[in-house]
Amino acid sequence: MSGTVRFLHNVIMESPDDNAMMCPQSENPEAVIILKNNILDTGLGPPDGDRRSHNIYTCPQTRTNWFAPGEFVETDLNKIFVDPPNHDYRLRSNSPALNSGLDVGLSTDIVGTPRKQGSGFDIGAYEMPAL
Ligand SMILES: [Ca+2]
């Protein structure tokens, strides 16, 4: 793999072995992999310069010493999403993903809601409309 691959504002859940996003840079030395503002049911590798930041990990095994800026773990999906058992990955009104993201140059969310709303960019696929 070569070139630049950007994973921005995604929600990737139900990874059977917590390896949904395993794409080691060492195995793809010519690729530039950008990973920002995602909510991931996966582990993570060591920080990679400014290519990775502002992701939320949902695996309890996540190695916190490998966090990039703005990254954290929240293993309780019900604290993040409206209804995760029924695959509703809109953000709860008190979700830690709210206003915790970075401006990565995307002007709308997955359903066309303008980004940003409120005091900052939301992590994940949905931007919660400001009241
Ligand atoms: Ca927001």
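Modeller: A nonpolar core is a set of buried Ala, Val, Leu, Ile, Met, Phe, Trp, Tyr and Cys residues joined through C-beta atoms within 7 Å. Keep that in mind here; the model is predicted.

Biologist: How many residues does the largest nonpolar core have, and which have the most contacts inside it?

Modeller: The largest nonpolar core has 15 residues. Ile39, Ile56, Ile80, Leu91 and Ala97 have the most contacts inside it.

Biologist: Which strands each supply at least two residues of this core?

Modeller: β4 (39-40), β6 and β9 (88-91) do.

Biologist: What does isoleucine 80 touch, leaving out residues up to four places away in sequence?

Modeller: Isoleucine 80 touches Ile39, Ile56, Leu91 and Ala97, among others. Its list also includes Glu74, Arg92, Ser95 and Pro96.

Biologist: Now the sheet. In what order do the four strands of the open sheet stand?

Modeller: The order is β2-β4-β6-β7, with parallel pairing. β2 (11-12) and β7 (72-73) are the edges; each has a single partner strand, so one side of each lacks a neighbour in the sheet.

Biologist: How many bridges join β6 to β7?

Modeller: Two bridges join strand β6 (residues 56-57) to β7, and the two run parallel. Isoleucine 56 stands opposite phenylalanine 72 in β7.

Biologist: Which strands pair with β3?

Modeller: Strand β1 (residues 3-8) is joined by six bridges to strand β3 (residues 31-36), in parallel. Glycine 3 has alanine 31 of β3 as its bridge partner. Strand β5 (residues 52-53) also pairs with β3 in the parallel sense, over two bridges. There, leucine 35 stands opposite arginine 52 in β5.

Conventions: Residues are numbered from 1 along each chain as its sequence is written. This is a predicted model: local features need pLDDT of at least 70, side-chain atom pairs count only at pLDDT 80 or more; totals for chains, interfaces and linings use all residues. Two strands pair if DSSP finds at least two bridges between them. A residue is buried if 20 or more other C-beta atoms lie within 10 Å of its own, exposed if 12 or fewer, and partly exposed in between; C-beta atoms are placed from the backbone. Two residues are in contact if their C-beta atoms, placed from the backbone, lie within 7 Å.
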